[in-house]
Amino acid sequence: MARRPLPRILTNSAPLARMAHSASLARGRELARTAADSASDVFHPLITIARGLRRLGAAGRGRWAETPRDQRGPLAFFVGACVLVVWLVPYGPLLALIGVMGAGAWAGRERTPVATGPSEAETERLRALYEALVPYLSAEGDPSPLYAHGGDWERAFGEYAFDDAGRLERLLLKYPAYFTDGEDRSRVRIEQVLYAKAGRGREYRFTWDELANQLTLTVLDALPVDIAAQRFVTSPGETVLGFTDPESVQRTLPVTGGEESRDAPPVVWRTGQRSTEPHLLVLGQPGTGATTLLRSIALQALEHGDVLVIDGGGTGEYGCLVGRRGVLGVESGLAGALATLEWASHETERRLIAGNRARQAGDAAPDDTRRPLWIIADRPTALSHIAVAEALDDPQQWLQVPLRHGRAAQVTVVVADQFETAELLSDPVRAHTKARVVLGPATTEEVRAVLGAPPHTTPPAQVPPGRGYARLGSASVLRLQVPATPDPLDDATGQAHREAVLALLPEHTVPADGVGPTEPVNGGKRVDADTAVDADTAVDARKPVDVEKKVDARQQTGADKVVKVGKVVQAGTAVEVASSARADRAEADDGPAAADAAPEAEETGTMAEPVGASARVRTEKGGAPRVIKGSVEAVRAER
């Protein structure tokens with residue numbers, strides 16, 4: 001049976017095309033469009049009010065649905081009472097109608113739609129970052145891979161934010177549960193990829209949430225560098241090493257930066273008998289601010305304690321501390337450093353013995369054992385090298401006792417050195433310095449070797465002086481910016497910083513030129529017993545003295561009186577002068593017992609006392625010898 005052909009109008013599109021492009025049909029479409037636009041303009045207020053009333057009605061229904069059932073009755077009663085009051089008020093219904101129409105017009109107004117989601121350029125950045133993570137966060141055989149080439153990046157990136165320049169400033173990404181987030185190598189690999197794709201030249205913090213399998217990348221602001229040396233609001237036993245990020249610590253301190261005052265988050269190091277990290281080690285490159293940090297610590301320590309400074313570099317960076325109250329000595333030579341550290345070791349032992357005896361007797365510890373003693377050693381390895389060359393004792397060996405027992409004796413040791421000579425540090429220094437600081441540019445491996453853990457932030461592009469990382473014990477690694485504490489005697493120091501440091505220095509107890517004899521100190525001069533210099537009197541060694549030879553002037557003054565002048569005189573330091581003439585005077589006043597004790601005092605005590613230390617001499621009845629600041633002195637009996 002033959003199939004009948006379709007009508008020509010259905011098989012040929014030419015008539016339809018002619019009808020669509022006819023002039024009458026075009027005029028009709030134009031008239032309809034014009035009428036619609038005119039009607040839209042005329043009825044636009046009504047349309048706006050209707051749209052607003054619809055939105056208000058939807059909001060009211062949602063409010064009614066959210067209201068608990070036990071509260072719907074009082075709500076309905078309240079609405080009915082309001083309607084009744086409006087109905088009874090003159091012109092109330094008219095005013096209510098006008099109010100409802102106004103509210104509908106306001107709610108139905110056209111609002112500019114807020115752009116949501118990333119722009120096209122931001123989308124391309126996120127897609128490129130997603131593709132870069134696919135080789136590291138995907139595995140074969142995963143039935144539903146979170147990361148796959150050409151996959152959906154919106155599933156992996158939960159939150160993201162960009163700055164005004166279009167650069168990524170925050171990202172929250174998810175990773176599969178089988179990713180080895182507990183291994184440092186796997187973490188570092190992911191962090192390196194994110195650092196390269198998010199944009200170099202900025203510091204990023206990576207926060208790993210192993211429980212939720214999430215990693216948060218955050219761009220960090222630069223730490224403030226305008227905070228100079230000042231009196232920080234801390235309690236005794238607390239030392240401010242520098243300042244860090246607000247999210248890293250739960251404390252702030254009022255500081256003055258520039259011309260304004262603000263609160264800054266500090267890195268506080270706690271010392272004392274209950275401290276878990278009583279000693280500090282600072283490492284860094286030359287010129288990165290290690291000496292500045294030690295100078296800042298010394299200025300804070302002088303407020304409540306005494307300070308001994310060993311300047312191994314011999315650059316005179318601590319010259320501003322010479323002769324100040326509380327500064328027991330500033331040594332830059334090997335002989336002076338050995339004598340000072342030997343005294344510090346004996347002083348630590350004396351404090352332990354005195355405190356133990358006081359506790360056994362049920363008494364409080366003596367006051368001189370409770371005053372903190374700080375030993376600040378800057379580059380001690382330089383002196384160790386000289387000691388090996390001269391076949392002398394290593395100065396670091398005298399740090400063993402303060403490091404091991406310093407916490408109980410209120411003795412704190414701070415050591416600073418450079419990366420190049422860090423291997424020369426002794427084992428006690430490495431073992432007992434639980435508080436660590438790394439300053440200057442350093443790789444992740446170097447930071448891990450010193451602090452015991454890698455930093456959770458990327459290194460900055462430009463490292464200012466005093467910038468680094470700090471870790472106190474087993475706590476997390478913190479970014480650190482040391483307060484500016486330059487040498488006030490340096491010509492390159494600004495006037496504002498110079499005045500800030502000088503305002504923190506204690507008063508002078510010894511004149512700048514020292515107090516000593518009128519004649520130069522040398523071993524060839526005869527010293528009369530009647531004019532012998534007392535053991536507490538400092539002699540200026542900046543006068544003509546041979547700095548290489550020992551000064552041990554043993555001259556017979558009358559009845560075999562021996563006068564000793566220090567051990568070694570170093571240029572720019574003061575020496576202790578001990579005269580046995582005091583023993584003769586003690587014999588004349590108190591009998592032979594004090595005279596016999598005087599030579600022992602000189603052999604064991606005064607020769608090991610630090611430069612500039614003023615012994616706190618107290619009298620005891622009977623003239624018996626006693627230990628005074630690590631030395632034995634025969635004191636005159638009370639009358």
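## Basis of the description

Two strands count as paired if DSSP finds at least two bridges between them. Helices (H or I, at least four residues) and strands (E, at least two) are DSSP runs, numbered from the N terminus. This is a predicted model, in which local features need pLDDT of at least 70 and side-chain atom pairs count only at pLDDT 80 or more, while totals for chains, interfaces and linings use all residues. Residues are numbered from 1 along each chain as its sequence is written, and side-chain values use heavy atoms, with hydrogens and water left out.

## The chain overall

The chain has 19 helices and 21 strands. Of its 639 residues, 42% are buried. Buried means under 20% relative accessible area, exposed over 50%, and partly exposed in between (1.4 Å probe, protein chains only).

The accessible surface of the chain is about 35,100 Å², and carbon and sulfur atoms account for 55% of that area. Accessible areas come from the Shrake-Rupley method with a 1.4 Å probe; for residues, only the protein chains shown count as cover. Among contacts (heavy atoms within 4.5 Å) between residues at least 6 apart in sequence, 63% join residues at least 24 apart.

Strand β15 spans residues 467–472, and six of its six residues are buried. Arg-467, Tyr-469 and Arg-471 point one way from the strand, Gly-468, Ala-470 and Leu-472 the other way.

Strand β14 (residues 435–439) runs antiparallel to β15 and is joined to it by five bridges. In this pairing, Ala-435 stands opposite Leu-472. β15 also pairs with β16 in the antiparallel sense, over four bridges, and Gly-468 has Leu-480 of β16 as its bridge partner. β15 and β16 form a hairpin with five residues between them, and Gly-473 in the turn has a positive phi of about 70 degrees.

## Asp-487

Asp-487 lies in the loop between β16 (478–481) and α17 (495–504). Asp-487 is buried yet has no salt bridge, and the nearest side chain of opposite charge, Arg-295, is 4.8 Å away. A salt bridge requires a side-chain nitrogen of Lys or Arg within 4 Å of a carboxyl oxygen of Asp or Glu. For charge, Lys and Arg count as positive and Asp and Glu as negative; His and the chain ends are not counted.

Not counting residues up to four places away in sequence, Asp-487 touches Arg-295, Gly-316, Glu-317, Cys-320 and Thr-493.

Most residues other than glycine have a negative phi. Asn-213, in the loop between β3 (203–209) and β4 (214–220), has a positive phi of about 55 degrees. Gln-410 has a positive phi of about 60 degrees and lies in the loop between α14 (400–405) and β13 (411–418). Gln-410 counts as buried because its relative accessibility is 18%.

Val-42, Phe-43, Leu-46 and Ile-47 make a nonpolar surface patch of about 400 Å². Patches are made of residues with over 30% relative accessible area and no salt bridge; like charges are joined within 9 Å, nonpolar side chains (Val, Leu, Ile, Met, Phe, Trp, Tyr) within 5 Å. Leu-46 is in helix α4 (residues 44–66) and counts as exposed because its relative accessibility is 54%.

Thr-444 is in helix α16 (residues 444–451) and is partly exposed, with a relative accessible area of 32%. Leaving aside neighbours within four places in sequence, Thr-444 is in contact with Pro-454 and Pro-455. The C-alpha atoms of Thr-444 and Thr-458, 14 residues apart along the chain, are separated by 8.8 Å.
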